[in-house]
Amino acid sequence: MSLSEKLAGKTAIVTGAAQGIGRGIALRLARDGAAVVLTDLKKDKLATVAAEIEALGGKALVQTADISQRDQVFAVVQEASKTFGHVDIMVNNAGIAHVGSLLDATPEDVETIFRINVQGTLWGIQAAAQAFKAQKSKGKIINACSIAGHEGYAFLGIYSSTKFAVRALTQAAAKELASFGITVNAYCPGVVGTDMWTEIDRRMAETTGAEIGATYKKYVEGIALGRVETPDDVAGFVSYLASADADYMTGQSVMIDGGLVFR
């Protein structure tokens, strides 16, 4: 498949790019013509994604980093700028889930997921904004939210609270950065056929006593379009947010869920 010119000359950073939605986004942005900086803790899987991008004729840079560590996120952005000369798109995709009753959540559970999902997103916003300002250029910041950022779900309450926080960060950052020509938006997937949802289903079975596969099946049956979501479905919307077509859109956290949650 030949590369398009949609994002030609742009540099995009994608966190959590080793698998699932992050991999799908990285491949799509590469097909759109962007040089892609792949960030995750899974170095071997990152190398595989980089090889896929290079096989398409694209450019990829692998950067292992823990996005919960502010200095590591800033280092990734600095290395991206050094390698490609500039940074244009920041996709704060990395995140983890937590399944369990609110009544059983421990301080360690809460601290871990907030450090990754909320602080990790904040550090990405900060690092990208700093780079855009230094370049005196416009930029796109795109955050991973969720349908659980619009509606709290039983046994996903801690996870939902982190995604509500991502919506708040997205809105506040959009207002603070608009005068610099920086837009900040978020994508809100539903039930995606990835390892994360396999794990959510397994933990739901442990927590509620449901059979393995029952939770997944219940949510998929509620999707208006009648099928499970794929990483490519999400990546197509992120491609739009990363492009000039979305220049007049900011502060939005948009459902891309096949018709599962309606607002």
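Here are legends for a few close-up views of this predicted model.

View 1. What you get here is an open sheet of 7 strands, paired in parallel and running in the order S3-S2-S1-S4-S5-S6-S7. At the edges sit strand S3 (60-64) and strand S7 (253-256), each of which pairs on one side only. On average, neighbouring strands of this sheet are turned by 20° against each other, direction ignored.

**View 2. Strands S2 and S3, with helix H2.** Zoom in on strand S2 (residues 35-40) and you'll find 5 bridges linking it to S3 in the parallel sense. Val36 is a handy landmark: it stands opposite Ala60 in S3. Helix H2 (residues 43-55) packs on the sheet, where it touches S2 and S3. The direction of helix H2 makes about 170° with that of S3.

**View 3. Helix H5 against the sheet.** Helix H5 (residues 157-177) also packs on the sheet. Its contacts there are with strand S5 (139-144), strand S6 (182-189) and S7. Compare directions and helix H5 makes about 160° with S6.

View 4. Trp123 belongs to helix H4 (residues 107-135). Its relative accessibility is 15%, so Trp123 counts as buried, the cut-off being under 20%. Which residues does Trp123 contact, leaving aside its neighbours within four places in sequence? The list is Ile67, Ser68, Gln69, Arg70, Val73 and Phe74. Gln72 is worth a label too: 51 residues from Trp123 along the chain, with 9.2 Å between the two C-alpha atoms.

Conventions. Residues numbered from 1 in each chain as written. Predicted model: local features only at pLDDT ≥ 70, side-chain atom pairs only at ≥ 80, totals over all residues. Heavy atoms only, no water. Helix = DSSP H or I, 4+ residues; strand = E, 2+ residues; numbered from the N terminus. Buried < 20%, exposed > 50% of the residue type's maximum accessible area, 1.4 Å probe, protein only. Contact = heavy atoms within 4.5 Å. Pairing = 2+ DSSP bridges. Axes fitted to C-alpha atoms, helices over the stretch in contact; angles between N-to-C directions.
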